[in-house]
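Below is what I looked up, entry by entry.

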Amino acid sequence: MFETDASQKPGSMIDPFGRHVTYLRVSVTDRCDFRCVYCMSENMTFLPKKEILTLEELERVCSAFIAKGVRRLRLTGGEPLVRRNIMSLVHSLGQKIETGDLDELTVTTNGSQLARFADELYDAGVRRINVSMDTMDADKFKAITRWGDLGKVMAGIDAAQAAGLQVKINAVALKGVNEDELEEMIRWAHGRGMDFTIIETMPLGDIDGDRTDQYLPLSVVRARLMDSFSLEDIPYKTGGPARYVGIKETGGRLGFITPMTHNFCESCNRVRLTCTGTLYMCLGQEDAADLKAPLRRSEGNDLLYAAIDEAISRKPKGHDFVIDRRSNRPAVGRHMSVTGG
Ligand code: SAM
Ligand code: SF4
């Protein structure tokens, strides 16, 4: 049941465990111009276009969440920058920053389209972006992403920094693939003034390979990095699930996202909306709420607000991911590209 707090403005979202929901991640498309091996199978079936919310509908749902207390919003996907006309949504959400209704609008991207969009993202009010890049070796990059081109991503990162965007690099730790490169990548990112975050692979969706072959616990990564670096705990927080340390030798920040070895659910402040208007209250659980029907049923937002409240009252305490040989199947059936990272 809801816990009420007089200091909260009416309509704000507080889950059954007293956590305030102030962060919305929106997957604006399930499509992508890459096919990363840990994220998608090579022959993905994408959603029929008619099931996907229009950009105007996405804007309406985002505005409803902002009215209910969301202060930070991240656009993700699929690849958000491949959705046609996506900048119109970015501009309209950017205006909410100008009016003080939103603190921050961020984007998670594979970087392939950044050279084209970096300036416009900045103009629209975006100040921080995450670029996913698991290796700096062009051949390995092709092998991991199947369809990606490292040169384009690098050019995108250059353009983003030139535009004034603060860039964070996200890398998924992959056993036997990039584990020997992480130190060099951290030095490179920090040398360019970019934070670096390492992510554990999560068991989401069927992929072509066996996840136990990819899984590399970050406790192992961290122990290895400590041979070369002095890691210092720092209080830095971005509102996301990463825990940061400072590296003395580089002067930069290193984040760890460790859903498998260290549960981060207790401080979870976020929910995730898919491009079909489905709201997931937890990345690691199947339970979801449909917001498309209440959105389309009426022009006013009362039905939508009621559906959001009902969904938040079901936000679970946490996920229970396990990757092991015995249960060699994903913890949840949907892919990361559906709910967004
Ligand atoms: N296409 C954009 C990108 O790659 O940044 C945004 C969406 S992508 C799903 C968001 C993040 O999720 C990426 O950093 C990606 O590496 C990560 N990711 C995808 N599948 C994952 C998995 N099974 N486990 C952990 N991270 C995953
Ligand atoms: Fe596309 Fe991002 Fe998934 Fe890679 S991780 S396939 S870039 S959605």
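**Around ligand 1**

I sorted the shell around ligand 1 by residue type: six nonpolar, nine polar and three charged. A caution for myself before going on: this is a predicted model.

Which residues come nearest to ligand 1? Of the 18 around it, I get Tyr 38, Gly 78, Glu 79, Ser 132 and Met 202.

The side chain of Tyr 38 has an N or O atom 3.1 Å from an oxygen atom of ligand 1. For Glu 79, a side-chain N or O atom sits 3.2 Å from a nitrogen atom of the ligand. Thr 109 takes part through its backbone, where an N or O atom lies 3.2 Å from an oxygen atom of ligand 1. I also looked up how much of the ligand is covered: taken alone it exposes 540 Å², and the protein buries 95% of that.

**Around ligand 2**

Next I listed the residues around ligand 2, and found Cys 32, Phe 34, Cys 36, Cys 39, Met 40, Gly 78 and Asn 110. By type that shell has five nonpolar residues, two polar and no charged.

**The chain as a whole**

I stepped back to the whole protein chain. I count ten helices and twelve strands in its secondary structure. The chain has 341 residues, and 55% of them are buried. Its accessible surface is about 14,700 Å², with 49% of that belonging to carbon and sulfur atoms.

I also checked how far apart in sequence the contacting residues are. Among contacts with a separation of 6 or more, 72% join residues 24 or more positions apart.

**Helices H7 and H6**

I picked H7, residues 218-228, to see which residues are buried there. They include Leu 218, Val 221 and Leu 225. These three are on the same side of H7, because they cover an arc of only 50° around the axis. What do the buried residues of H7 pack against? I find helix H6 (182-191) and the strands E6 (195-199) and E9 (253-257).

Just after H6 comes Gly 193, with a positive phi of about 75°.

Most residues other than glycine have a negative phi. I wrote down two that go the other way.

Asn 85 is not a glycine, yet its phi is positive, at about 65°. I found it in the loop between strand E2 (72-76) and helix H2 (86-98). Buried or exposed? Asn 85 counts as exposed, because its relative accessibility is 55% and the cut-off is over 50%.

Arg 146 is not a glycine either, and its phi is positive at about 65°. Its place is the loop between helix H4 (138-145) and H5. Arg 146 has a relative accessible area of 18%, so I put it down as buried; the limit for that is under 20%.

Ser 27 belongs to strand E1, residues 23-27. At 0% relative accessibility it counts as buried. A polar atom of its side chain lies 3.3 Å from the backbone oxygen of Thr 29. I also checked Ser 27 against Thr 108: they are 81 residues apart in sequence, with 9.7 Å between their C-alpha atoms.

Last I looked up Leu 165, in the loop between H5 and E5. Leu 165 is buried, with a relative accessible area of 4%. Which residues does Leu 165 touch, not counting those up to four places away in sequence? My list reads Ala 118, Leu 121, Tyr 122, Val 126, Arg 127, Ile 129 and Ala 160. From Leu 165 to Gly 125 I have 40 residues in sequence and 9.9 Å in space, C-alpha to C-alpha.

Terms used:
Residues are numbered from 1 along each chain as its sequence is written. Chains are lettered from A and ligands numbered from 1 in the order in which they are written. This is a predicted model: local features need pLDDT of at least 70, side-chain atom pairs count only at pLDDT 80 or more; totals for chains, interfaces and linings use all residues. Side-chain values use heavy atoms; hydrogens and water are left out. A residue is near a molecule or strand if one of its heavy atoms lies within 4 Å of it. A polar contact is a pair of N or O atoms within 3.5 Å; within protein, one must be able to donate a hydrogen and the other to accept it, and residues adjacent in sequence count only if both atoms are side-chain atoms. Accessible areas come from the Shrake-Rupley method with a 1.4 Å probe; for residues, only the protein chains shown count as cover. Ala, Val, Leu, Ile, Met, Phe, Trp, Tyr, Cys and Pro count as nonpolar, Asp, Glu, Lys and Arg as charged, and the others, Gly among them, as polar. Helices (H or I, at least four residues) and strands (E, at least two) are DSSP runs, numbered from the N terminus. Buried means under 20% relative accessible area, exposed over 50%, partly exposed in between (1.4 Å probe, protein chains only). Contact means heavy atoms within 4.5 Å. The arc is that of the directions from the helix axis to the C-beta atoms.
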